[in-house]
Protein chains: 2
Amino acid sequence: MNEEQICRQYGEILRKCCIFEGIPESEYAELLEYLRAEVRHFGENESILKIGDTKIPSGIVLSGRAEQLFYSGFVQADETQIGEGDIFGTALVCSEPHESTVKIRTVTECDILFLDMSVFFGQSYPCGSQMRIAANMMRLLACQNIFLDTKLRIYSQRTLRNKVLAYLYSMPSENGIVKLPFNQTKLAQFLGVNRSALSRELGRMVDEGIIKTDGKTIEIIKKAAP
Amino acid sequence: MNEEQICRQYGEILRKCCIFEGIPESEYAELLEYLRAEVRHFGENESILKIGDTKIPSGIVLSGRAEQLFYSGFVQADETQIGEGDIFGTALVCSEPHESTVKIRTVTECDILFLDMSVFFGQSYPCGSQMRIAANMMRLLACQNIFLDTKLRIYSQRTLRNKVLAYLYSMPSENGIVKLPFNQTKLAQFLGVNRSALSRELGRMVDEGIIKTDGKTIEIIKKAAP
DNA sequence: ATTCTTTCGTTGCCGAGGCAACAGATTTGT
DNA sequence: ACAAATCTGTTGCCTCGGCAACGAAAGAAT
């Protein structure tokens, strides 16, 4: 499958993928060549990346669904779903000299567009859209970074109350009012705490006059002492 | 202070900074111009970035020491020290349209080299070393990403035991033997757990035959059931 | 060798919060 | 509008692990 064919068949998906943002579709083919694009088909439950691998692939799911797993079988194996249009392996490309501590495998049948991100680290002198895609990659990585950093700060709070506060302060607010993008069940998952414990703690915080809530929003009344 | 002067006075520090890796010193001046470099002096305890700011500076500490704080005064304010040669604000540049949830301020007197990373997202067509510095940025962001991701996986484990296991499996090992880069006290801090609780749990794990340890290394004997 | 400092093992206490179970409220589908 | 499903509040139980305190070990410094 050459670049032209990929564009024709999957242009729709690429257009929605953040690393192609701001790039005219007419340049896709050239870019795909630059990134040594290659489409491969996978069956159900096939391995894309194994733990310990040092050659890290990165790419975009064109169809089907894959998932990323931490440790094969132990402890709280957290799974990240990778669906159509999602990109994977972006952060791992850097760790090339390291070994992968995650594995990626298909869930359903998949078509996957592999991209060789290592070209950015080579000697080639990219220009125009090639630079643009590099910038998009930077932005993508940076956004993931911010996200992980925020989440880590929440998780590193010792008490449930402080997790809630850390969450609230990391959210955009309009004069102290935070709109919750989740229901309480999802919020508990996001904070990594027990659902009923969250409900209990929110109740206490309301009682103590720290917050007000109507279920959809939370208003921060009192700031903790510095 | 122009680019030439910066190079002469601080070339030493820049050379050790990861974003200049692999770039011949002769090109520093040109690069600094491209990145709109600007050196500013700060007194003790001056603010570099405030919570809520939307214009995010990023740069390198040339002398002195600064720190990054999460929330002014609440809950577990985790502080990150930023010393000579350290770079800050790299991830935040992406979040430009967002508000900063951290603040950065100097601890001692500081000279700071501000770099305008937003040039990567502009229309300019960089080449040569400019691309190289972009690649270095990507690598830096990606490495931070891997680090945060790993740490988050550890933190998201519910039990202390699983945190230990998550840590061990995220470390390079030689046939099951992990060399600890920390003493136990630091390890506890890294895992975000109580020191004596860690000691207690390690003891239990040895008793149960899950690991062996001599204080400097830990050998994983038994893998938990999948 | 001896003193000082840092680290590590151990132990008792106890409180935060995980878990389970249930009932009322809210949302969704038909 | 009614039934089914999902979500939230509440409560009792019990364990994990934080905290404090102490003494032994192990380095460091003199």
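Which residues in H4(B) meet which residues in H5(B)?

1. In this predicted model, local features need pLDDT of at least 70 and side-chain atom pairs count only at pLDDT 80 or more, while totals for chains, interfaces and linings use all residues. Residues are numbered from 1 along each chain as its sequence is written, chains are lettered from A and ligands numbered from 1 in the order in which they are written, and side-chain values use heavy atoms, with hydrogens and water left out.

2. To take up the opening question, B:Lys163, B:Val164 and B:Tyr167 in H4(B) meet B:Leu187, B:Phe190 and B:Leu191 in H5(B), where contact means heavy atoms within 4.5 Å. The residues of this contact divide into five nonpolar, no polar and one charged; here Ala, Val, Leu, Ile, Met, Phe, Trp, Tyr, Cys and Pro count as nonpolar, Asp, Glu, Lys and Arg as charged, and the others, Gly among them, as polar.

3. The axes of helix H4 (residues 160–170) and helix H5 (residues 184–191) of chain B come within 11 Å and cross at roughly 100°, which makes H4(B) roughly perpendicular to H5(B). Axes are lines fitted to C-alpha atoms, for helices over the stretch in contact, with angles running from 0 to 180 degrees between N-to-C directions, and angles of 65 to 115 degrees count as roughly perpendicular. Helices are DSSP runs (H or I, at least four residues), numbered from the N terminus.

4. A search of the whole structure finds 14 aromatic pairs over all chains, a pair being rings of Phe, Tyr and Trp (its six-membered ring) whose centres lie within 6.5 Å. B:Tyr167 and B:Phe190 form such a pair, 5.8 Å centre to centre with 65° between the planes, and the pair is edge-to-face (planes over 60 degrees apart). This pair links distant parts of the chain, since B:Tyr167 in helix H4 and B:Phe190 in helix H5 of chain B are 23 residues apart.

5. Turning to the DNA, 17 residues surround DNA strand D, and the closest are A:Gln184, A:Thr185, B:Thr159, B:Leu160 and B:Asn194; a residue is near a strand if one of its heavy atoms lies within 4 Å of it. The residues of the surface near DNA strand D divide into three nonpolar, eight polar and six charged, and H6(A) gives the most, with four residues.

6. A phosphate oxygen of DNA strand D is 2.7 Å from an N or O atom in the side chain of A:Gln184, whereas a base oxygen of DNA strand D is 2.8 Å from an N or O atom in the side chain of B:Arg200.

Terms used. Helices (H or I, at least four residues) and strands (E, at least two) are DSSP runs, numbered from the N terminus. Angles under 35 degrees count as roughly parallel, over 145 as roughly antiparallel, 65 to 115 as roughly perpendicular and the rest as oblique. A polar contact is a pair of N or O atoms within 3.5 Å; within protein, one must be able to donate a hydrogen and the other to accept it, and residues adjacent in sequence count only if both atoms are side-chain atoms. Rings of Phe, Tyr and Trp (its six-membered ring) pair if their centres lie within 6.5 Å; planes under 30 degrees apart count as stacked, over 60 as edge-to-face and the rest as tilted.
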